[in-house]
Every structure is written in C-alpha cells, then in structure tokens.
Amino acid sequence: SLNYWVERGVPGPQPFPVVGNVGRNFFGKASQGQIFTDIYRTYQEHSFVGIFRGTIPYLLVRDPDFIRNITVKDFKHFQDNNVTVDKDVDPVFARNPFVIKGTEWKLKRAQLTSCFSSGKIKGFYPLLEESAMKMIKYIEHQLMTSAPLECREISVRFTLENVASCAFGIDGKCFEEDYPKFREMADEFLSPRGLLRGLKLTFIFSWPSLAKLLRMKFVAKEVEDKLLETVRTSLKYRKENDVVRNDFLEYVSQLSTNTDLFTEMDIVGHAASFFSDGYETSSRVMGFFIFELAMNPECQHKLREEIINSYEKHGNSFSYESINEMEYLDACFNESMRKNSILHHLAKVCTEAYTYTPTNPEYKKLSVNIEPGTPIIIPLTGLHTDPKYWKSPEKFIPERFLTRENTNKFTYLPFGEGPRICIGQRFGTTQLKVGIAHLFKNFVVEVNSKTQFPLTYNPYHILLSPVGGLWINLRKV
Ligand code: HEM
C-alpha cells in the first residue's frame, strides 16, 4: 500500500502509483542515485525518510548514528544486502558474496576473507606492476595517433588485465586487442547495452517478485557458459600439468578441497564477482581518479612530486609497501571517491525487527519500527556531498583527508562498513594506486574539450556512468 509510511508516521515524498518515487528514473530523466540524493537533501531535519521504489517501501537513512547501528552495532538486524537472486534462475550471480544471505554468507565470508589478506595481495603485486607496464606501453603507442584518450578506456583495460591475471590466472590481452574477448565477457555483466538491458536492471530492483516470476536473469546464459568454461579449462590445465599459481582462482579452489561449501559453481560465482563487484567498480573509480587529476593540475603536480620522490627513494622502483605509504596518493584516492560516488547507495535489508529513535537533537524525535524484509537505502552520494560534513563539497580538495576535516566515518563509506564491508577493498585500492603511480610518473594529463560539461550520467546504469566519456590528452613527463 502506498500508505505504508504514512500509517507508520514516517515522513517522505508523496509516491505515485506503480512507479512510487522513482518515476523520473523509469522515464530516463534521472538516475535512481540522483533521486535518492535529492530526497536526502530535502529532508534535512529527519533522521530517516520513507520512500517507494516502484511499489515497494524503502527506508532511506540519513543519520550517521543510525547508519552506524545498521552497518556495525546492530548488524544482526540488517545483515543481508537487498538483492534476491534465485539460484535456479541465475546460478552464477546468486553465488556472488554480495548476494548470499544469512548463515551461508557468514560461513563463506569467513572462508573467503583469507583469500584477500594483505599477504595474498602482496603476492599479486608483481602481476599488478606487469599490467601497469603494459598500460604505459599502450598509452605511448596511442600517443602516436595524437587523438585524445578516454579515461575509462585506459582504466577498463588496466583493471581487466588485473582480473584476468590475478583472478583467472590467464593473459587477458587487454592492451593488445581493440575489443578483447575477455572484455566482451565482462561487459555483459553490469553495463546496460542499450535501453532494454538498462530497463531490465531497473525492473529487477524495483519489482523483484515480478522479475522472479518472469525468470529475469542478471547474467546472460552465454556469459554463464563462457565463465564456466574459462574456470574449468584453467583448473583442468593446472591439475594435469601440476601447475600452482598464486591467484584468486587457486585460493578459492583450495577452499573447495577443505570444505564442501565451495562447489564448482561456487568457484565460478566467486571468480565472476571480480567482474561485477571488482572490475566495474575499480575501473570507474580509476577513470574518475585520472580525470579529477586532469581537472586539478596543482594536485596533479603535487602528486607527481610525491610519486617521483618515493620512486627515487626506493632505488628507482615501487613496491607494495612504498605504494601504500604515499599519503597524498591516498588522499587523492579518497577525495576522488568522495566526490564521485561510484555506488550511489548501499542497499541493505532488515533481517530482524528493529526500532530506532534518533538521539541527535539535529533530527526530529520520531521513531520508526522496521519490519523484517524492509529494504534500507544508505545514500552515499548525499552523505559524501553534504556541506555539513565537507567544506565546499563540489571541489576536489585531497588535503581534507590529510587534515582529517571530517572524522565521522559513517559519513564516508565508499567501501561500506562493518562485517559486510567490501571484501576487495585492499586489492581494489592497491591495484588502482599502482596504476595511478605509474601513469602520473610517466605522463602529464590534461582535460580534452571532447568531454561534455557539465557532466551528466546514464540514468539507467547502477554505477556512476558519465555520458559521452571523460576525455584527456596525455604527454610524456
Ligand atoms: C575501488 C573499488 C571498489 C569499490 C568502490 C567497492 C565498493 C564496494 C561496496 C560499497 C560494497 C558494499 C559494502 C556494504 O554493503 O557495506 C562492496 C562489496 C563487495 N565488494 Fe567491493 N568495491 C571495490 C572493489 C572490489 C574488488 C576489487 C573486489 C574483488 C572481488 C570487490 C568485491 C566485493 C564483494 C565480494 C563484496 C560483497 C561483500 C559481502 O557482502 O560480504 N570489490 N564493494
């Protein structure tokens, strides 16, 4: 019932039949992220807002204390992410750690965590450097044509090369071919190819029961088959030739020998999560990271100085340790993720009944009783651009992370927080820092006029996706 929130005394915008409060998205006028941000900004006096995505009531949470309770303190009341995928309809996506629920998630997450330890990521470091060197060669080759480059064209190739080598243990040839086969497979995951696929994802999220009834799949059957074949061939080759590689596939397949939690399809599901959870996010973060530095030459100059100093100090080389020691690099990375929230919201679901009353006097003292099954939205873009927490939030100011301008960690959540925090955070951060360090050590980057300002975003993409691309010129340092 569209009276759901009114009956519970929860404030919120008036919903419309069928489309609820996301009609603008349905008609391509705004992304769901933009809609959530607008609502976040409108309800300043409220800790939470009741909205409708389609006909389903969602609670949008604005108050950092409430967010702390949901993600950490009272996690057991909100331990699942709000995506329901049927294992029979979508066997690969249903095994993604982001999607798994309850006890199964708890057991698998505990096992998988060992695959992402700092020791394991350090082991990947030579592979990441190898990809970065290929990226530099690729850019040098492209420069001969003197045409501008698109940021994501670089970041997609780099992050996919890493997925190929670190997750699947294969050569993705991502810098060698115009449209590598490996990329074709990856693109099938989240990128809305045309209006139809974009609408399909909006549909699955807004009307999940209907989507289930219609057996709508996230991952196309052909992609599922290709993934299964890639994993099978790779594992078979290793077994027959007694090859042991230090990569994610090896680590997860080892888990399958210790516990019956990991079947062949689970291995495929986890390997595939590098595409959906790892590559799509990382490549977009890196694209914006490069572009922000192109738009802010002073920051770029300062960053290059730090990179070159570190390189020279460590005998003309980078290492896992030196990359992670660079403070300004870290600040630029954080600031870029703050200003450009790739994921516009975290999507949780209430798993045990919960009541919340704000204690912060900034908010109206209204209580909400949340029923199990109620989806929760944590609006990252709203929080990351709220002037209450960030001075001049529209500006790129990496220094704010050095001076710790904002110490409330529940207002800055690019990787989420609590037990369900991004499992790939360390891998994602390290690979991007390696790529960025090599790129800015070698090239000066400027914005190309082909970029369409002001930036607008594809309304149907789940992730932040700039229309027309982010175009740059590069020249050798
Ligand atoms: C800079 C790049 C990345 C960003 C911004 C990012 C962001 C996120 C966010 C916001 C979440 C949800 C956390 C929550 O619900 O509280 C998440 C979950 C997840 N991420 Fe990442 N991620 C990145 C890279 C990666 C990489 C490289 C992997 C590698 C496979 C990965 C794997 C996952 C998985 C498996 C989950 C689900 C964890 C769970 O529910 O237990 N991510 N990520």
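This is a predicted model: local features need pLDDT of at least 70, side-chain atom pairs count only at pLDDT 80 or more; totals for chains, interfaces and linings use all residues.

Which residues is Arg 400 in contact with, leaving aside its neighbours within four places in sequence? I got Glu 335, Arg 338, Trp 390, Lys 391, Ser 392, Pro 393, Lys 395 and Glu 405.

Entry, Arg 400. I placed this arginine in helix H18, which covers residues 399–402. Is Arg 400 buried or exposed? Its relative accessible area is 3%, and buried means under 20%, so I put Arg 400 down as buried. I also checked a polar atom of its side chain against the backbone oxygen of Ser 392, and the two lie 3.3 Å apart. Ser 392 is also one of the residues on the contact list above.

Entry, the iron. Which protein donor does the iron atom of the ligand have? I found only Cys 422, through its SG at 2.3 Å. I then looked up where Cys 422 sits, and it is in the loop between H18 and helix H19 (425–442). H18 is the helix that holds Arg 400.

Entry, the sheet. I traced an open sheet of 5 strands with mixed pairing, in the order S1-S2-S8-S5-S3. The edges are S1 and strand S3 (80–81), each of which pairs on one side only.

Entry, strand S1. How many of the residues of S1 are buried? For this strand, residues 48–53, I wrote down 6 of 6. I sorted them by direction too: Phe 48, Gly 50 and Phe 52 point one way, while Val 49, Ile 51 and Arg 53 point the other.

Entry, S1 with S2. I found 6 bridges joining S1 to strand S2 (residues 56–61), and the two run antiparallel. Two partners I noted: Val 49 is bridged to Leu 60, and Gly 50 to Leu 59. The hairpin leaves 2 residues between the strands, and in it Gly 54 takes a positive phi near 65°.

Entry, what covers the strands. Which helix lies across S1 and S2? I have H3 (residues 32–42), which also lies across strand S5 (345–349) and strand S8 (375–379). Its direction is about 150° to S1.

Definitions and conventions
Residues are numbered from 1 along each chain as its sequence is written. Side-chain values use heavy atoms; hydrogens and water are left out. Buried means under 20% relative accessible area, exposed over 50%, partly exposed in between (1.4 Å probe, protein chains only). Helices (H or I, at least four residues) and strands (E, at least two) are DSSP runs, numbered from the N terminus. Two strands pair if DSSP finds at least two bridges between them. A polar contact is a pair of N or O atoms within 3.5 Å; within protein, one must be able to donate a hydrogen and the other to accept it, and residues adjacent in sequence count only if both atoms are side-chain atoms. Contact means heavy atoms within 4.5 Å. Donors are N, O and S atoms within 2.8 Å of the metal (3.2 Å for Na, K and Ca); water is not among the atoms, so sites may look incomplete. Axes are lines fitted to C-alpha atoms, for helices over the stretch in contact, and angles run from 0 to 180 degrees between N-to-C directions.
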